[in-house]
Amino acid sequence: MKILVTGGTGYIGSHTCLALIAAGIEPVILDNLSNSKLAVLNRIEAVSGQRPLFYQGDIRDAALLDRIFQEQPIAGVIHFAALKAVGESTQKPFEYFENNIAGTLTLLGAMRRAGCFRFIFSSSATVYGDPKTVPLREDSPRASLSPYGRTKLMIEQMLEDMQQVDPRWSITLLRYFNPIGAHASGQMGEDPQGIPNNLMPYITQVAIGRRDCLNIFGNDYPTKDGTCVRDYIHVMDLAEGHVKAWQVCGEQAGLHIYNLGTGQGVSVLEMVHAFARASGLEINYKIVARRPGDVAECWADPSKAQRELGWKATRTLDDMTRDSWCWQQANPNGYEEEAHV
Ligand code: NAD
Ligand code: WQD
């Protein structure tokens with residue numbers, strides 16, 4: 001069984017390829033390498049013993065998509081490919097709408113032409129906007145706070161509309177909370193280009209000496225210690241959630257929506273302390289002004305995924321911090337260019 005994984009050399013896509021291979025499903029990757037490196041393929045092969053088929057190209061390239069569907073017996077698509085930096089999206093809204101929304105439409109068009117109707121979409125907790133209450137359930141109100149968030153919300157709405165009039169579609173929207181961590185081997189992990197936007201890679205880069213000091217964006221939020229609270233989830237738990245979603249929902253036409261989170265809220269300071277525990281290192285930090293657009297608290301009610309998919313995050317905060325640190329230590333500069341077979 002082959003699944004097309006767009007964005008499959010990226011952070012979450014590459015770990016999901018491992019989980020697919022472990023489940024006996026063959027990933028076929030399409031990625032334009034705008035935010036990932038070819039070396040990832042070597043690592044997937046080293047960890048799993050299988051080198052995924054790889055097409056270097058763009059989800060906006062309809063002719064390439066048609067060729068992939070002709071060349072490969074694709075049973076469905078897991079669609080990770082997107083631009084994902086919230087701050088950048090406020091500066092480059094056109095690029096975000098063009099890449100994420102037009103790209104998804106081009107992909108869906110190719111799927112229709114190929115008669116392939118099983119689709120899993122990487123959505124995000126960002127579609128809940130600034131939550132009035134937590135934990136967030138799948139039926140909590142949706143809103144968007146940035147052009148990036150709007151791309152996720154609009155794509156969800158597009159998919160809902162399409163599914164409603166064409167019951168051949170099996171559409172699964174997976175709303176990820178805050179993925180962190182790395183494969184336990186230390187061979188695969190998150191490799192942001194430039195200054196990290198997200199908390200965990202920033203912490204590991206301070207720990208490894210690439211950055212001096214973590215800026216904590218505000219300690220005057222109405223939370224347990226004044227810093228923002230998030231639902232951090234181990235990337236391998238998230239990866240395994242995709243396999244479960246494929247196995248359970250792939251066969252069922254309809255619209256399926258799941259939060260993938262742990263249900264636990266962790267503050268920025270708690271994360272810094274957890275990382276210190278895992279690494280034995282104190283992280284140099286200072287409190288600075290709030291970051292525009294941050295919400296005080298956001299965590300999932302993940303019970304629907306447990307009930308219907310039989311999926312539950314099992315890895316702890318200590319697993320997440322240990323694996324992130326192990327990856328960063330083994331790869332201080334992330335994935336470097338490697339020879340290819
Ligand atoms: P990533 O940037 O590591 O991976 C995305 C991959 O898509 C990259 O390899 C990039 O090169 C590729 N790509 C981008 N545009 C493309 C295009 N037009 N054609 C082909 N390839 C393209 O990001 P990630 O963290 O792995 O995120 C994967 C998905 O999950 C994204 O859709 C993201 O919005 C979503 N998501 C991420 C998070 C998070 O915190 N990481 C949280 C919620 C949702
Ligand atoms: C976590 C907390 C920061 C960096 C983002 C997207 C969201 C989703 C997941 C894609 C916040 C604080 C961070 C730093 C800090 N992505 N922080 N210093 O903002 O919860 O979610 O990624 O869909 O849409 O918005 O994650 O890791 O950026 O921040 O103090 O250098 O860490 O203020 O409270 P966020 P994050």
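A salt bridge here is a side-chain nitrogen of Lys or Arg within 4 Å of a carboxyl oxygen of Asp or Glu. We're working on a predicted model, where local features need pLDDT of at least 70, side-chain atom pairs count only at pLDDT 80 or more, and totals for chains, interfaces and linings use all residues. Side-chain values use heavy atoms, without hydrogens and water, and residues are numbered from 1 along each chain as its sequence is written.

**Exercise 1.** Work out which parts of the chain the Arg 118–Glu 251 pair links.

*Solution.* Start with the contact: these side chains meet in a salt bridge at 3.6 Å, N to O. Next, place the residues: Arg 118 is in strand E5, while Glu 251 is in the loop between helix H8 (235–249) and strand E11 (254–260). Strands are DSSP runs of E, at least two residues, and helices are runs of H or I, at least four, numbered from the N terminus. That puts the partners 133 residues apart, in distant parts of the chain.

**Exercise 2.** Decide whether Arg 118 is buried, partly exposed or exposed, then do likewise for Glu 251.

*Solution.* Take the cut-offs: buried is under 20% relative accessible area, exposed over 50%, partly exposed in between (1.4 Å probe, protein chains only). Arg 118, at 23%, is partly exposed. Glu 251 comes out at 60%, so it's exposed.

**Exercise 3.** Find how Asp 319 and Arg 322 sit relative to each other in helix H11.

*Solution.* Their side chains form a salt bridge of 3.2 Å, N to O. Both belong to helix H11 (residues 317–330) and are 3 residues apart, so about one helical turn separates them. Asp 319 is buried at 18%, whereas Arg 322 is partly exposed at 41%.

Note on methods: Chains lettered and ligands numbered in written order.
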